[in-house]
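Subject: Structure for you to look at

Hello,

Here is the structure I said I would pass on. Please open it and keep it beside you while you read.

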Amino acid sequence: MTSDRFNGTAPLLVGVMPKQHPEVLQTAAALAAQLGVPLVCAYVDEASYLVEWDPARSAHRLSLHPDADDQEIRSLTSELTAVIEAAVAKAPAGADNLKWTLRTLAGDPARALSQLAAEINAPMIIVGTSERGFSHRLAEALNGSVGAWLSHHQSRPVLVVPYRMPAHEDRP
């Protein structure tokens, strides 16, 4: 996809995932509405992997963009679509005209988001902080932080939206 789909306007890119804290999508939708730009929401399927990236060759392109006919992906995209629609509905005034799309990608989340940002010429990438808890800390230690990787390995600004929890509830 190019930004041509949005009449030449470069969209903001936000990484989405199931059961993600709603602040990430709400912040991205509000920012896109305030700037008057579209929003591309991207889910990265870590179970798939990127074989090779060459936009000119469609066979390799499929490894970045998983098969839309996969039942599991269709179920997940339906769930994410409902979450995105709810976040856009809660965005401040002006969001009712917000154009958005959902993309499913494959491979390492940080690299896939970086490649998609380059493909659509996104001026900014928006991601959330990692979940709390031992298993999420272990996964981050093994795989690394998406926000940290993006901020160190590509040239676009990265907005990392924190999980907002009241201080009295802030327990690991």
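This is a predicted model: local features need pLDDT of at least 70, side-chain atom pairs count only at pLDDT 80 or more; totals for chains, interfaces and linings use all residues.

Five of them form an open sheet: 5 strands in the order 3-2-1-4-5, with parallel pairing. Strand 3 and strand 5 stand at the edges. Each has a single partner strand, so one side of each has no neighbour in the sheet. On average, neighbouring strands are turned by 25° against each other, direction ignored. As background, strands of a sheet pair through backbone hydrogen bonds, either parallel or antiparallel.

Now look at one pair. Strand 2 and strand 3 pair in the parallel sense over 7 bridges. Find Val44 there; Leu105 in strand 3 stands opposite.

**The helices on the sheet**

Helix 1 covers residues 22-35 and packs on the sheet. Helix 1 touches strand 1 (12-16), strand 2, strand 4 (125-128) and strand 5. Its direction makes about 170° with that of strand 1. Then find helix 3, residues 71-90. Helix 3 lies across strand 1, strand 2 and strand 3, and runs at about 145° to strand 3.

**The cores**

Which residues touch the most other members of the largest nonpolar core? They are Val14, Val16, Leu25, Leu39 and Cys41, in a core of 22 residues. Strand 1, helix 1, strand 2 and helix 3 are the elements that give two or more residues to this core. Click on Val14 to see how this works. Setting aside neighbours within four places in sequence, Val14 is in contact with Val24, Leu25, Ala28, Leu39, Val40, Cys41, Ala42 and Ile126. There is also a second, separate core of 15 residues. Among its members are Ala112, Leu116, Ala117 and Ile120.

Asp45 lies in strand 2, residues 39-45. Is Asp45 buried or exposed? Asp45 counts as buried, because its relative accessibility is 14% and the cut-off for buried is under 20%. Leaving out neighbours within four places in sequence, Asp45 contacts Ile73, Leu105, Ala106 and Gly107.

Next, go to Leu159 in strand 5, residues 158-161. Leu159 has 30% relative accessibility, so it counts as partly exposed. Not counting residues up to four places away in sequence, Leu159 touches Thr27, Leu31, Met124, Ile125, Ile126 and Val127. Now compare Leu159 with Val24: they are 135 residues apart along the chain, yet their C-alpha atoms are separated by 9.7 Å.

**The salt bridges**

How many salt bridges are there? The count comes to 2.

One joins Arg103 and Glu119, with the closest N and O atoms 3.6 Å apart. This pair links distant parts of the chain. Arg103 is in strand 3 (residues 100-106), Glu119 is in helix 4 (residues 109-120), and they are 16 residues apart. Arg103 is buried, with a relative accessible area of 11%. Glu119 is buried too, at 18%.

Asp108 and Arg111 also meet in a salt bridge, at 3.3 Å from N to O. Asp108 is partly exposed, with a relative accessible area of 32%. Arg111 counts as partly exposed at 42% relative accessibility.

Best wishes

Notes: Residues are numbered from 1 along each chain as its sequence is written. Side-chain values use heavy atoms; hydrogens and water are left out. Helices (H or I, at least four residues) and strands (E, at least two) are DSSP runs, numbered from the N terminus. Buried means under 20% relative accessible area, exposed over 50%, partly exposed in between (1.4 Å probe, protein chains only). Contact means heavy atoms within 4.5 Å. A salt bridge is a side-chain nitrogen of Lys or Arg within 4 Å of a carboxyl oxygen of Asp or Glu. Two strands pair if DSSP finds at least two bridges between them. Axes are lines fitted to C-alpha atoms, for helices over the stretch in contact, and angles run from 0 to 180 degrees between N-to-C directions. A nonpolar core is a set of buried Ala, Val, Leu, Ile, Met, Phe, Trp, Tyr and Cys residues joined through side-chain atoms within 4.5 Å.
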